[in-house]
Amino acid sequence: MKIPVTLNGTKTIFEANADDSLMKVLHKNSCPSVKEGCGSGFCGSCTVLLDDKPVASCKIPAGIVKGNEIVTLEAFSKTEDYDVIIQGFNKAGIKLCGYCNAGKIFAAYKILHMQKMPSRQEITENIKNLSPCCTDIETLVNGIIYAIQIENKRSKRVN
């Protein structure tokens, strides 16, 4: 089946079965940041942005992404949002392992773009299902809070 999408800003046609996981299709299309982890959508290793929302690509059938925009960490790592998130993570002492990066980074991206400043509890609630292998949840929450502060200072936004 031919599945037209926009992958990392480029119009692309995936050749795949409708029930193939998006993760496997992205692997075939040279997206090494999309890792295979738990296979049940919790570890975050396969996270991508699908129409600007973080999703576990291992749980998404390729047939339903027709016409959608997909962004992987390869392209996202060239954005200002990525730089802000990495600065916040660095300030918190988070060392990215390379395996669960996408889950942590795209969760932070989602939180960074909430309408209002989230509380520590709301941030924790948003990341509670992640199982990052290289950092604890408390440190990740701190990294996200630092990223929000950096973004607010950069954009002179007050929440």
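Axes here are lines fitted to C-alpha atoms, for helices over the stretch in contact, and angles run from 0 to 180 degrees between N-to-C directions. Helices (H or I, at least four residues) and strands (E, at least two) are DSSP runs, numbered from the N terminus.

Before we look around, a word on the model. This is a predicted model, in which local features need pLDDT of at least 70 and side-chain atom pairs count only at pLDDT 80 or more, while totals for chains, interfaces and linings use all residues. Residues are numbered from 1 along each chain as its sequence is written, and side-chain values use heavy atoms, with hydrogens and water left out.

Let's start with α4 and α6. Their axes come within 10 Å and cross at roughly 45°. That makes α4 oblique to α6; angles under 35 degrees count as roughly parallel, over 145 as roughly antiparallel, 65 to 115 as roughly perpendicular and the rest as oblique. The crossing of α4 and α6 is right-handed (a crossing is left-handed if the near helix is turned anticlockwise from the far one by less than a right angle, and right-handed if clockwise). Lys104, Ala108, Ile111 and Leu112 of α4 make the contact with Leu140, Ile144, Ala147, Ile148 and Glu151 of α6, where contact means heavy atoms within 4.5 Å.

Now for α5. Helix α4 (residues 101-112) and helix α5 (residues 120-127) have axes that come within 10 Å and cross at roughly 140°, so they are oblique to each other. On the α4 side, Ala107, Lys110 and Ile111 meet Ile123, Asn126 and Ile127 in α5. With helix α6 (residues 137-155), α5 packs at an angle of about 120°, with their axes 10 Å apart. Here Arg120, Ile123, Thr124 and Ile127 in α5 meet residues of α6 including Ile137, Leu140 and Ile148.

The table sorts each contact by residue class: Ala, Val, Leu, Ile, Met, Phe, Trp, Tyr, Cys and Pro count as nonpolar, Asp, Glu, Lys and Arg as charged, and the others, Gly among them, as polar.

| Contact | Residues by class |
|---|---|
| α4 with α5 | four nonpolar, one polar and one charged residues |
| α5 with α6 | eight nonpolar, two polar and two charged residues |
| α4 with α6 | seven nonpolar, no polar and two charged residues |

**The largest pocket**

The largest pocket is lined by 18 residues, of which Thr47, Pro54, Ala107, Asn126 and Leu130 lie nearest its centre. The largest share of this lining, five residues, comes from α4. A pocket is an open set of points on a 1 Å grid over the protein atoms alone, where a 1.4 Å probe fits, with protein on both sides within 12 Å along at least five of seven lines; lining residues have an atom within 4 Å of a point.
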